[in-house]
Amino acid sequence: MDLRFTEAQEILRKMARDFLTTECPKTLVRELEQSEKGYSPELWKKMAELGWMGLIIPEEYEGMGYTFQDLTVLVEEIGRNILPGPFLSTITSTFPILEIGNEEQKKEFLPQIARGELILTTALLEAEGTFTATGITTKATAQDNNLIINGTKLFVEMAHVADYIICATRTKNGESPENGITLFIVDSKTSGIDQEVIPTMAMDKQCEVRFENVAVPRKNMLGNIDEGWPIIEMLLRKGAIVKCAESVGAMQTCVEMTVAYSKERVQYERPIGAFQALQHIMADIWTSMETARYLLYYVAWLESEGMPCAKQASMAKAYINEVYKNVSKWAVRLFGAIGTTYDHDIALYYRRSKAADIAFGGTDFHKELVAQGIGLV
Amino acid sequence: MDFELTDEQKARRKEFFDICRELEKKKPPNLVGLETIYDHDECWEFHLHCAKQFAQKGWLSLAWPPEYGGTGNMMDRVLFAEARGYHGIPGVDVFGVGMLAPTLIQAGNEEVKKEFLPPIARAEIMWCELWSEPNAGSDLAALSTTAIRRGDEYIINGQKTWNTGAHRADWGFGVFKTDLTARKHHNLTFILLDMKTPGITVKPIPYMDGGRPFCEVYFDDVRVPAKNIVGQENEGWAVVNTLAGFERSSLTEIMSLVRALEDLVKFCNETKRNGQPLSKDPVIRNRIAQLACELEAARALAYRVADLQNRNEMALMDASAVKIFSSELAERFVFTVTDILGPYGQVKLSRWAPMGGAWEKMYQGCFVTTISMGTNEIQRNIIAWYGLGLPRMK
């Protein structure tokens, strides 16, 4: 057991921190929130030059061949600094291609992703707003060499700028909701696709994507027909861990900013950080952050080593969802009125904590998976 | 970053768990929570029985340097603590093995080490801690029990309190005021003493559940050889701080909760209410899942502390964090489980009590970890002042 980052991870961390501090100031974050695209193509290009999009793609597909754990190290830095844009949606959409994609699909997509030439996203949720299989009703019907998709997907991150959408569809009404789900890699420029950005708290460009008689070639099917649910489970598990890494990075900034401010802000002739009422709140948010951090590191290690960790990933997501919301809430409260303003950085984190909670499954969704995982019948 | 144990560690861990599983079969039914060893004769006997067995295997001196008979490997101690916690096995004197021995190794002179370490490793001497006083709790350095040097002896007068197991202990280690004029923190000496010395009176204090884990200890002209000190005279505060760093491993408590969770799941799967198992109730599922998540988080942080200690890096803030978190998790555990048990959550060990009556005991006993070894509020101060660098208001 050695819970230190490896030398390579330390280098990755430092490089990412320096890069994001310089290239992604909070003024840019707010600018991108208000922009139509929601990301900066120049920044995207620079990230691609650093190899970030190809971090976990094997070298034979022009990637860097890093581990899943290495990815979480990078994502923690991304969360720390808030990087708006399609990085996480692209990375997490790469997981199904890596795991279940056939050789042709890998050859077609992975090198382009690694070079930063493609933006990807995944469309899971629909009107019900649930990550369970019952929520998937968008139909895909076979017709010659194509499947025809009809339906509406919701909360699809960055779909308005995505080149491809990994779309979860229902191809059969099986004996259980999990049976009969199929995933497709859909070119977003195919006719019949229509997007609209949903206004959200984090202004993070989650979209409604409408599919009307959208023809997708059979070769773009991921895995076998009707057997897509285990891929979605994998995606939810890995996505949850990646999201946890982003949240842990973000709460680190919340704690650092709050502690620093409490040492500067003077009331009653002393820094407010000298008051024990506030000290104990800061000790508590720091403590909860540390528990979240090592739970994340543990789960990321399990996943990276290929060990079964569905239960632990759900534990981490359920737990870290709440810790991030609580830490950022207290951060705003300790800043006082100034922390509630649009121009204050701390509010950026608070607004994102809710988005982080929802992505890849909210707290109660994952707690039910935990209940099953620990053996409650 | 790697959480994997070596093959050797896995083998050691298996051996620890195997032995503790066997010992659990002989555990007295009224041994519920490790504090009860001080309470009932049969529990104390079982504690000594386990201690002797561990001593024979060299498990009481695991992390000690090889020259004092240890393996020098902190990780062994961590894995052993896990096994004992999971199976609820005593046999490790938290004061002698857990606190005094590492303190002696770090701060004691050669003579003191030679005299006191071997009987700890052989489970021959059980220790108690003589720190708190009626007017010196969290503000320990404000204590007033005096040890006045006269020739080759100290003469001790005053009163200590909240001394866990003092009525069972052979020896005690304490901190006493040895200079009546020096300023606070520069007037204390760390002294080891035989509890059978004339002039010592031990009075158990009834705990709220009727048990007697704690005592008051009175000193009336108690004469202690002057050589029985650790560190220098009037420099005992540094020794106190060293010892405070060797808190009981939170992993023992965390692993006891891991076991409790397994027992709870089994109970809910097997117990019917409203015509269906408790486990089908979505509220109960959600509440138990919450505990499971928090427990996994506590365990991960405890490994972080173990990893730091294993490399001899100080883990002050993280040790405080895991102490706060695991003890308060135990509180939440107790409140949740006793809610789920309904009217049975209040029943003492008897034929009406589910799960061996553990939860009635824990409901009252959960204060032991939140208050002792530096209250959780003091731990929060430690994190704020030393970890986050927040100003300390005088």
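**Entry 1: strand E5 of chain A**

I began with strand E5 (residues 181-187) of chain A, where six of the seven residues are buried, so the strand is largely enclosed by the rest of the structure. For burial I used the count of other C-beta atoms, placed from the backbone, within 10 Å of a residue's own: 20 or more is buried, 12 or fewer is exposed, and anything in between is partly exposed. Strands here are DSSP runs of E with at least two residues, helices are runs of H or I with at least four, and both are numbered from the N terminus.

I note that this is a predicted model, in which local features need pLDDT of at least 70 and side-chain atom pairs count only at pLDDT 80 or more, whereas totals for chains, interfaces and linings use all residues. Residues are numbered from 1 along each chain as its sequence is written, and chains are lettered from A and ligands numbered from 1 in the order in which they are written.

I then looked up the partners of E5(A), taking two strands as paired if DSSP finds at least two bridges between them. Strand E4 (residues 164-170) of chain A pairs with E5(A) in the antiparallel sense over seven bridges, and Ile165(A) has Val186(A) as its bridge partner in E5(A). E5(A) also pairs with strand E8 (residues 221-222) of chain A, again antiparallel, over two bridges, with Phe184(A) opposite Met221(A) in E8(A).

**Entry 2: strand E5 of chain B**

In chain B I looked up strand E5 (residues 188-194), of whose seven residues six are buried, so this strand is largely enclosed by the rest of the structure. Strand E4 (residues 171-177) of chain B runs antiparallel to E5(B) and is joined to it by seven bridges, and Gly174(B) stands opposite Ile191(B) in E5(B). Strand E8 (residues 229-230) of chain B is joined to E5(B) by two bridges, also antiparallel, and here I found Phe190(B) opposite Val230(B).

**Entry 3: Ser144 of chain B**

I placed Ser144(B) in the loop between strand E1 (127-130) and strand E2 (146-150) of chain B. Ser144(B) has 14 other C-beta atoms within 10 Å and is therefore partly exposed. Leaving out residues up to four places away in sequence, I list Glu133(B), Asn135(B), Ala136(B), Gly158(B) and Lys177(B) as touching Ser144(B), where contact means C-beta atoms, placed from the backbone, within 7 Å.

**Entry 4: helix H2 of chain B**

Helix H2 (residues 41-57) of chain B has 17 residues and reaches 25 Å from its first C-alpha to its last, close to the 24 Å expected at 1.5 Å a residue; the expected span is 1.5 Å times one less than the number of residues. The buried residues of H2(B) are Cys43(B), Trp44(B), Phe46(B), His47(B), Cys50(B), Ala51(B) and Phe54(B). Seen down the helix axis, they fall within an arc of 155 degrees, so they line one face of H2(B), the arc being that of the directions from the axis to the C-beta atoms. These buried residues pack against helix H1 (7-24) of chain B, while the face turned away from the buried side carries the exposed residues Asp41(B), Glu45(B) and Gln56(B). After H2(B) comes Gly58(B), whose phi is positive, near 80 degrees.

**Entry 5: where chain A meets chain B**

I found 40 residues of chain A in contact with 41 residues of chain B. On the chain A side, the elements giving two or more residues are helix H7 (229-264), helix H8 (276-304), helix H9 (310-335) and helix H11 (363-373), and H8(A) contributes the largest share, 15 residues. By class, this side has 23 nonpolar, nine polar and eight charged residues, with Ala, Val, Leu, Ile, Met, Phe, Trp, Tyr, Cys and Pro counted as nonpolar, Asp, Glu, Lys and Arg as charged, and the others, Gly among them, as polar. I also checked H7(A), in which 26 of the 36 residues are buried, so it is largely enclosed by the rest of the structure.

**Entry 6: domains of chain B**

Chain B is divided into domain 1 (7-92), domain 2 (128-239) and domain 3 (250-387), with bounds from an automatic or database domain assignment. The C-alpha centres of domain 1 and domain 3 of chain B are separated by 21 Å, and their contact takes 14 residues from domain 1 and 19 residues from domain 3.

How values were computed
Two residues are in contact if their C-beta atoms, placed from the backbone, lie within 7 Å.
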